[in-house]
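My notes follow, in the order I took them.

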Amino acid sequence: MILSCQNISKSFLEKKILENVSFHIEDHEKAAIVGINGAGKTTLLRILTGRLAPDAGLVTLSKNKTLGYLAQNDTVDTSKTIYGELLTVKSELINLERRIRECEISMQSSQGMALENLMTQYTSLTHAYETGGGYTYKSELTGVLKGLGFTEAEFEKPISTLSGGQKTRVALSRLLLQKPDLIILDEPTNHLDMNSISWLETYLLNYKGAVILVSHDRFFLDRISTKIIEIDQSKATAFQGNYSDYAVKKEQLRTAARNAYLNQQREIRRQEEVIEKLRSFNREKSIRRAESREKMLDKIEVLEKPTEARADMHLKLTPRRQSGNDVLIVEDLSKSYGQNLLFERVSFDIKRGEHVAIIGDNGTGKTTLLKILNGIIPGDSGRIRLGANVEIGYYDQEHHVLHNEKTLFEEISDEYPTLNNTEIRNVLAAFLFTGEDVFKRVGALSGGERGRVSLAKLMLGNANFLILDEPTNHLDIVSKEILEDALNSYKGTILYVSHDRYFINKTAHRILDLTERTFVNYIGNYDYYLEKHESATAFFEGTIKTLSGKAAAGGSQQAAPGNANEISANKQDWKSQKEEQAKLRKQKNDLKKCEDKIASLELKLKELDTMLSDPALGTEVAKLQALTIEQAQVTSELEALYSQWETLAQ
């Protein structure tokens, strides 16, 4: 055991945050702390790291064990470069390196006993340097920085010029290189793109020490955690397994707790009715019996009402009218900023009812594309067409739809005057604004709070085509689940950009991966994307990228071939693509023909069954025999077709 947490309690003024929280972490365990926003997760982390004193309880770190902590928006020394800051982690090795060089210089001019002493010292220094990772630390630094999204060109950037998110990534890099026995991370994925998150997952999975983390990234929690510690109503409960295991167990416990609470409440009400009835008889014997029952009732340990998952927060998105089947058609769209080409000649279309997620590395142009589609900025070339009756509802990260002078309540009520107070409060509560929060002015809100208000307004609109830019940013897990349910029941069309892989898995029918300045199309959710991504990337690399499916994701700029062999290879790749597409079309046609034939034979079999059950044929033996033979033939042919259909459908 590396960490023990015993009976931790903490209150701020009159509000109880943590009460008798106890758990322990084993040496190599990966534990996640979960709970709604404001449950006390960050408070608990600050207590575990000694940055905040508990009101009661004890935190014990095992002897000779080290602890490293990354807080939200943690920063680093701004006087250094990115690479220079990380070199400070390896100062002991750098010092050893300097002493080895000094020793080598001294040995050149020494002899006798002095040389022998220097050689002994040199051997000791080089051994310490080697065992400490002296020959690999530079590549280790480079690997961590690249893994967390920095390019080599950025290594010498002064930290003072970085954004807050980039500084947090430098702080995370520094912590990982320190390799403490216990790493504690508070929202480590907030400023990472998908590739960096995936790298961090692999790093932490293979990390020899223990890890405690707080995150709203459920996909990340599924990959990393072996234990979930839930903070709910100031109490802590530990669950073995990852987030999905916890979600199943939690729902089972919630159901059991709710049933126990309701049963006890029913019994209490029944006893109270009996007591009232006994008293109404107004006889000495009945009054004594009533008093006896009251004493028994007083001794009952009344169960607390369990917290309800998403109670009274069921949001529904309802388009005012239906759009045409073709919702959006993009043809040969290009965009660049100076020499920075984001994407070139991309083409795709979106049909009514599709939920399409756009993914890709930071800086590839995902948000830019959404702004072009909404007419906020122009494309350099290409054509964009909206289908018939399409009404766009746009959620952007800048939140241009808000009015700084209004309160949250006014922001909703002025836009939707038909809603009553309770309905407005329920919508705001779904996005974490409760009590007096609803009377805050929009201008006083943080960026995350403004995002949640924008999302609440969008949920109430009547648009039939939603375009969303990072809709789950700054939402806790419960709010994400509410949004997922609302989008999954939505009858309109959705196009969104997101880094939330769990959210994509739950809501996307199709994924457009913006890579190498073009789109690669995947007909499925994020699990499907992971399954097909590697082979698709290899297949489309260096070619004109065109995919068949519900929509085409189209071409990228092709570098001019340097020689005849390269031209020949590109032609061969193009030919292979065409052959593959022709094969796919043939398979689809064969599948359709097979399905039509199955439908025809099933209808025929139904007719034969009807004829064979006709009492009028009871005496016509020859006809019955012929029908029976035909029935057997049709059944046999159907079985063969079912087998053929299964093969084609795969």
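**Entry 1: Asn242**

I began with Asn242, which is buried at a relative accessible area of 18%. Buried here means under 20% relative accessible area, exposed means over 50%, and partly exposed is in between, with a 1.4 Å probe and protein chains only. Before going on, I noted that this is a predicted model, where local features need pLDDT of at least 70 and side-chain atom pairs count only at pLDDT 80 or more, while totals for chains, interfaces and linings use all residues. Residues are numbered from 1 along each chain as its sequence is written, and side-chain values use heavy atoms, with hydrogens and water left out.

Where does Asn242 lie? I found Asn242 in the loop between strand 9 (235–240) and helix 9 (243–281). Helices (H or I, at least four residues) and strands (E, at least two) are DSSP runs, numbered from the N terminus.

I then checked what the Asn242 side chain reaches. The backbone nitrogen of Ser244 is at 3.3 Å from the side chain of Asn242. A polar atom of that side chain also lies 3.1 Å from the backbone nitrogen of Asp245. A polar contact is a pair of N or O atoms within 3.5 Å; within protein, one must be able to donate a hydrogen and the other to accept it, and residues adjacent in sequence count only if both atoms are side-chain atoms. Not counting residues up to four places away in sequence, Asn242 touches Leu221, Asp222, Ser225 and Ile228. Contact means heavy atoms within 4.5 Å.

Next I listed the buried residues of helix 5 (residues 137–147): Tyr137, Glu140, Leu141, Val144, Leu145 and Gly147. They cover an arc of only 165 degrees around the axis, so they sit on the same side of helix 5. The arc is that of the directions from the helix axis to the C-beta atoms. As a reminder to myself, an α-helix has 3.6 residues a turn, so residues three or four places apart point the same way.

What do the buried residues of helix 5 pack against? I got helix 2 (82–87), helix 3 (91–108), helix 4 (112–131), helix 6 (164–178) and helix 7 (194–205). Gly149, with a positive phi near 100 degrees, follows helix 5.

In helix 4 I picked Leu125, which is buried with a relative accessible area of 5%. Leaving aside neighbours within four places in sequence, Leu125 is in contact with Leu96, Arg99 and Ile100. Ile100 is 25 residues from Leu125 in sequence but 6.4 Å away in space, C-alpha to C-alpha.

**Entry 2: two buried strands**

Strand 12 (residues 355–359) has five of its five residues buried, so it is largely enclosed by the rest of the structure. On one side I see His355, Ala357 and Ile359, on the other Val356 and Ile358. Strand 12 runs parallel to strand 16 (residues 493–497), joined by four bridges, and Ile358 stands opposite Val497. Strand 17 (residues 510–515) is also parallel to strand 12, again with four bridges, and Arg510 stands opposite Val356. Two strands pair if DSSP finds at least two bridges between them.

Strand 7 (residues 210–214) also has five of its five residues buried. Parallel pairing links strand 7 to strand 3 (residues 30–34) over four bridges and to strand 6 (residues 182–186) over five bridges. Opposite Leu213 of strand 7 I found Leu185.

**Entry 3: cores and rings**

Which residues have the most contacts inside the largest nonpolar core? They are Leu204, Ile504 and Ile511, in a core of 89 residues. Helix 6 gives the most to this core, with six residues. A nonpolar core is a set of buried Ala, Val, Leu, Ile, Met, Phe, Trp, Tyr and Cys residues joined through side-chain atoms within 4.5 Å.

Last, I searched the whole structure for aromatic pairs and got 13. The rings of Phe219 and Tyr526 have centres 5.4 Å apart and planes at 85 degrees, so the pair is edge-to-face. Rings of Phe, Tyr and Trp (its six-membered ring) pair if their centres lie within 6.5 Å; planes under 30 degrees apart count as stacked, over 60 as edge-to-face and the rest as tilted.
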